[in-house]
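Here is a walk through one structure, element by element. Keep the coordinates open as you read.

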Amino acid sequence: MLENGTILDGKYEILSKVGQGGMSVVYLALNRKAMKQWAIKEVRRDGVKDFEVVKQSLVAETDMLKKLSHPNLPDIVDIIEDEDSFFIVMDYIEGKPLSKRIEESGAQPEDYVIEWAKQLCDVLDYLHTRQPAIIYRDMKPSNVMLRPDATADNPYGTVCLIDFGTAREYKGTNIQDTTCLGTIGYAAPEQFGGQGETDARTDIYCLGATLYHLVTGHSPAEPPYEMHPIRYWDESLSPGLEAIILKCIQKNPNDRFQTCAELKYALEHLEENTREYKVKQQKRYNLFLTCVIATILFFAVGLTGTILSNTNVKSQYEYYVSKAANETGADAAADYKKAFDTKYMGADPSEMADAFRGYLNALAENDETTTITEAELNEFKSAIGVADSSREDKYIEKIGRNLDAYVMLNYDIGLKLMGYTDGSETVQNNAARTWFVKAYTDNSGKEIDSSRLSDSVAITDYNNAKVLDDMITCWTKIQNADRDQDIIGETQNFDEVYEAIQTAVDSVYNQAFDDGVKLKVYDILASFLADNSHVKMLNNTNRGLAASTWQQVVNDLNSMTNLKTGGQETLKEEILSQSAIISENLS
């Protein structure tokens with residue numbers, strides 16, 4: 001063990017020992033150059049059997065953590081090895097483990113436990129959505145640190161997940177990957193005896209056992225290793241939380257919550273998990289059915305189309321979405337609107353996003369096109385609850401929890417706006433660009449890490465959104481330059497602009513893009529090439545590429561024989577009418 005005052009690697013001064021496990025010691029250290037405190041975990045060769053095996057595991061752990069960045073996870077900053085020990089330098093998480101809180105004051109207040117649980121759901125969901133997914137596998141109170149950052153506005157404080165010694169990347173093939181890994185009492189059945197591969201649902205079991213310990217004060221890691229319903233210990237506890245914990249700790253993974261996002265939603269809607277709530281809803285449903293049957297018998301007419309119209313809001317939502325999915329145009333739009341009017345916010349984010357996209361498509365089909373106007377976009381935003389900017393967070397909450405769905409929906413809105421051919425082209429292109437930017441950036445404006453996307457369509461949409469955004473941005477630059485003749489050729493890189501347009505043309509030409517979008521991209525290309533001052537500024541390579549690309553575009557335009565609107569047909573003819581001057585400019 002290192003003595004206080006020891007200087008490690010010439011810069012880390014050991015201040016004190018702050019913890020000790022079965023094979024490691026954790027110290028508080030000071031980087032004397034940066035004057036910053038760190039935690040240093042030491043594993044000694046002489047204290048560990050099969051040190052090289054353990055060392056490989058530690059290296060894997062640190063390599064894994066280095067790739068992660070989340071406010072509820074520590075950062076790894078350094079790895080040091082000498083002939084006696086292996087050291088890992090990481091964030092010093094000030095505070096105390098939740099196990100210490102239980103030891104000091106017993107069962108924790110329910111509202112605190114729920115708030116901590118939601119934070120842990122966030123960090124586990126972050127781990128589970130990495131590519132490949134990371135399964136933590138050792139959730140328990142002693143591995144959750146509570147920072148001393150509670151305030152009057154946030155009395156609960158922030159928790160941080162520590163000790164990734166048993167975490168692993170999910171492989172999807174190794175059936176007996178975790179035999180005897182985890183902590184008895186908290187570990188899921190599949191972690192022992194080769195009963196199946198651990199996955200995200202394993203962490204959900206461990207989290208459920210942790211919540212049980214926190215809210216009851218009774219450890220599942222102590223004999224008789226059982227978890228009763230929490231109200232067995234304290235009848236004042238919420239039936240909703242009891243139902244949630246019982247679902248988390250089901251032996252069969254299929255009977256648990258399937259994702260941490262689903263579990264977090266349940267924690268945010270405790271009432272819906274209570275027996276009383278479900279009984280009340282069932283009574284309402286039964287009363288409704290009685291009324292419907294009486295009405296049918298009285299009038300002797302079929303009213304099956306409205307049987308579910310007065311059930312609980314979830315049933316209404318699902319009924320109208322299902323009905324709309326089998327309709328088109330105005331009929332579908334009307335039923336999607338009825339679904340959103342129920343104010344049901346409980347659908348899985350991906351299901352909600354699919355309904356939003358269905359409504360978007362229905363609006364676009366209202367006038368026998370595949371595009372939307374600004375007015376239709378405003379109607380769409382109003383229906384899904386984001387017309388008022390103060391409700392933007394709710395939109396992000398509903399869709400942003402499923403990043404793939406979020407990317408696809410925003411990209412689809414951009415395409416439908418871009419494909420609209422009546423009105424100001426500049427205004428429409430800029431409106432479309434707003435949504436393309438949303439498709440590859442998060443709510444803070446930071447570019448989304450594409451490795452977080454799992455759906456191949458979402459990945460394609462993400463990349464296309466960047467291409468189309470770049471094209472519109474570059475074209476706007478050159479239009480601004482054209483308006484000020486003094487700066488043409490001085491500040492504007494024409495090759496850069498052309499290459500952005502060329503990339504977009506290649507993208508829409510080689511993929512199954514709507515004709516309306518193709519026409520808008522081809523129109524921008526034609527506008528560029530029809531201006532000889534633009535073409536003259538191109539290098540020889542791009543000028544030659546432009547000639548072959550233009551012929552390819554002309555052939556594609558001539559093959560468009562079933563355009564959906566007169567506006568599209570007019571735009572097609574306007575583009576082709578510039579062919580002669582473009583050919584002359586490129587000769």
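Start on a helix face. Asn540 and Thr541 are exposed and sit on the side of helix H19 turned away from its buried side. Exposed means over 50% relative accessible area, buried means under 20%, and partly exposed lies in between, with a 1.4 Å probe and protein chains only. Helices (H or I, at least four residues) and strands (E, at least two) are DSSP runs, numbered from the N terminus.

This is a predicted model: local features need pLDDT of at least 70, side-chain atom pairs count only at pLDDT 80 or more, and totals for chains, interfaces and linings use all residues. Residues are numbered from 1 along each chain as its sequence is written, and side-chain values use heavy atoms, with hydrogens and water left out.

Back to H19. The helix covers residues 540-558, 19 residues in total. From first C-alpha to last it reaches 28 Å, close to the 27 Å expected at 1.5 Å a residue. That expected span is 1.5 Å times one less than the number of residues. Its buried residues are Asn542, Ala546, Thr549, Trp550, Val553, Val554, Asp556 and Leu557. Seen down the axis of H19, these fall within an arc of 155 degrees, so they line one face of the helix. The arc is taken over the directions from the helix axis to the C-beta atoms. What covers the buried residues includes helix H16 (494-510), helix H17 (515-529), helix H20 (566-576) and helix H21 (579-586). Contact here means heavy atoms within 4.5 Å. At the start of H19, a side-chain oxygen of Asn539 comes to within 3.2 Å of the backbone nitrogen of Thr541.

Now the sheet. Which order do its strands take? The 6 strands run S1-S2-S3-S4-S6-S5 in an open sheet, with antiparallel pairing. Two strands pair if DSSP finds at least two bridges between them. Strand S1 (7-8) and strand S5 (76-81) are the edges, each pairing on one side only. Strand S2 (residues 12-20) and strand S3 (residues 25-31) share 7 bridges. In that pairing, Gly19 has Val26 of S3 as its bridge partner. Ile80 stands opposite Phe87 in S6. S5 and S6 form a hairpin, with 3 residues between them.

Some backbone details deserve a look. Asp9 lies in the loop between S1 and S2. Its phi is positive, about 55 degrees, although Asp9 is not a glycine. Asp9 is partly exposed, at 45% relative accessible area. Arg137 also has a positive phi, near 75 degrees, and is a residue other than glycine. Arg137 lies in the loop between S8 and strand S9 (144-146). At 4% relative accessibility, Arg137 counts as buried. A cis peptide bond joins Gln131 and Pro132, with omega about 0 degrees. Pro132 lies in the loop between helix H3 (110-128) and strand S8 (134-135).

Finish with the cysteines. How many disulfides does the structure hold? It holds 0, where a disulfide is a pair of cysteine sulfur atoms within 2.5 Å. For Cys121, the nearest cysteine sulfur is that of Cys260, 5.1 Å away. Cys121 is buried, with a relative accessible area of 1%. For Cys248, the nearest cysteine sulfur is that of Cys121, 7.5 Å away. Cys248 is buried too, at 0%.

Technical notes: A polar contact is a pair of N or O atoms within 3.5 Å; within protein, one must be able to donate a hydrogen and the other to accept it, and residues adjacent in sequence count only if both atoms are side-chain atoms.
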